[in-house]
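Q: I have a protein model open and would like to learn how to read its features one by one. Could we go through them together?

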Amino acid sequence: MLRFGLFGTGHWATVAHGAALATHPGARLAGVWGRDPAKAEALARRHDAPAFADVDALIDAVDAVAVALPPDVQAEIAVHAARAGRHLLLDKPLALTVDDADAVVAAAREAGVASIVFFTRRFLPPIAGFLAATAATGGWHGAQASILASIYQPGNPYEDSGWRRSHGGLWDLGPHALSMLVPVLGPVRQVAAMNAPRQTTHLLLGHDGGAASTVSLTLDSPPAATFSDVVFHGEQGRAAVPQGRWDPTEALGLALDQLLEQVHTGSRDHECDVRFGRDVVAVLAAAETAMAQGRTVTL
């Protein structure tokens, strides 16, 4: 059984990471650290685990870390944990700069640790199965992805998220879109972008092999206009990613299954490892450059 240290005490750490780690048969929640000690104590107590006041002390006490913190904080902790030989279960986006993402990749590679970045929709069985089958079919010319969310409403658990307010839907929702587009259309090689009302970002992406996709993202949609939709088009017609209400603990449980398999088999080649997380960060950073400079950025 792998001992996990949980870093984070917010909504996602509570409803996803904490709940999944406390119930997974191959994992034991061995401690919690948070920037607010009172919240860390409360979450730890809920799962009969100790709270830690020091990051390195928790890293020393476990075999793996699960992180549900702002991306810049996550990247720093991930580097420390990897250098200590701890396996990594991280959240998206991996970091907020390519340099920070590169540092995580380098630390994980040098230490030989297993890693998964929890791109939630990639670990939902209906979506994972759809993406695998669609990629195998081939012949896709492109896709349209729209994820228009509204978090600035009273009672929304992410309303006061500082990094989401600063970086918007591009960085919070962009990873979700890319995690579904790339497996089918291939890596992104060119990025163009522009801003629109309600903090909306529109992307035009050129993929390996010539396919192109468009992506629309915001966290500030009018509530009546919120929706999420990803549709591929090509020689076989149209294919839409399945919709539904999904249980995050089930998805995180599957991510844990796959991380544990890496640990037990010695494999370090997961499709959602820190290298893929780094590539997603590179696309998001390129989009920011494209908007700031009014040009297409080549990766």
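A: Gladly, and we begin with a definition: helices and strands are DSSP runs, numbered from the N terminus, a helix having at least four residues and a strand at least two. Please keep in mind throughout that this is a predicted model.

Q: With that naming in hand, where does Ser150 lie?
A: Ser150 is found in the loop that runs between strand S6 (140–148) and helix H7 (162–172).

Q: Is Ser150 buried or exposed, and why?
A: Buried means under 20% relative accessible area. Ser150 has a relative accessibility of 16%, and therefore counts as buried.

Q: Which residues does Ser150 contact, leaving aside its neighbours within four places in sequence?
A: With those neighbours left aside, Ser150 is in contact with Asn156, Leu219, Ser221, Pro223 and Thr226. A polar atom of the Ser150 side chain lies 3.2 Å from the backbone oxygen of Ser221, and the side chains of Ser150 and Gln153 are joined by a polar contact of 3.0 Å.

Q: How should I read the pairing of strands, and in what order do the strands of the open sheet stand?
A: Two strands pair if DSSP finds at least two bridges between them. The open sheet has five strands in the order S2-S1-S3-S4-S5, with parallel pairing. Strand S2 (27–33) and strand S5 (115–118) stand at the edges with a single partner strand each, so one side of each is left without a neighbour in the sheet. Direction ignored, neighbouring strands of this sheet are turned against each other by 20° on average.

Q: How many bridges join strand S1 to strand S3?
A: Strand S1 (residues 2–7) and strand S3 (residues 64–67) run parallel and are joined by four bridges; Gly5, for instance, has Val65 in S3 as its bridge partner. Helix H4 (residues 71–83) packs on the sheet, where it touches S1, S2, S3 and strand S4 (87–91), and its direction makes about 170° with that of S4.

Q: What does antiparallel pairing look like around strand S8?
A: Strand S7 (residues 188–196) runs antiparallel to S8 and is joined to it by eight bridges, with Met194 standing opposite His202 in S8. Strand S9 (residues 212–218) is also antiparallel to S8, through six bridges, and Thr214 in S9 is the bridge partner of Leu204. In the hairpin of S7 and S8, three residues lie between the strands, and Arg198 takes a positive phi near 60°. The hairpin of S8 and S9 has four residues between its strands, and Gly209 in the turn has a positive phi of about 90°. Strand S8 (residues 200–207) is itself mostly covered, since six of its eight residues are buried.

Q: What should I look for in a nonpolar core, and which residues touch the most other members here?
A: In soluble globular proteins, nonpolar side chains tend to be buried together. The largest nonpolar core in this model has 102 residues, of which Phe4, Phe7, Leu88 and Phe232 touch the most other members. Helix H10 (residues 274–293) supplies the largest share of this core, namely ten residues.

Q: How many salt bridges does the structure hold?
A: Side chains of opposite charge can pair when their charged atoms come close. The structure holds eleven salt bridges, including one between Lys92 and Asp172, whose closest N and O atoms are 2.7 Å apart. This pair links distant parts of the chain, as Lys92 lies in the loop between S4 and helix H5 (98–111) and Asp172 in helix H7, 80 residues apart. Both Lys92 and Asp172 are buried, and together with Arg164 they are linked in a network of salt bridges.

Q: Which residue does Asp273 pair with in a salt bridge?
A: Asp273 pairs with Arg275, the closest N and O atoms being 2.6 Å apart. Asp273 counts as buried because its relative accessibility is 4%, whereas Arg275, with a relative accessible area of 39%, is partly exposed.

Key: Residues numbered from 1 in each chain as written. Predicted model: local features only at pLDDT ≥ 70, side-chain atom pairs only at ≥ 80, totals over all residues. Heavy atoms only, no water. Buried < 20%, exposed > 50% of the residue type's maximum accessible area, 1.4 Å probe, protein only. Polar contact = N/O pair within 3.5 Å; in protein donor to acceptor, adjacent residues only side chain to side chain. Contact = heavy atoms within 4.5 Å. Axes fitted to C-alpha atoms, helices over the stretch in contact; angles between N-to-C directions. Core = buried A, V, L, I, M, F, W, Y, C linked by side-chain atoms within 4.5 Å. Salt bridge = Lys/Arg side-chain N within 4 Å of Asp/Glu carboxyl O.
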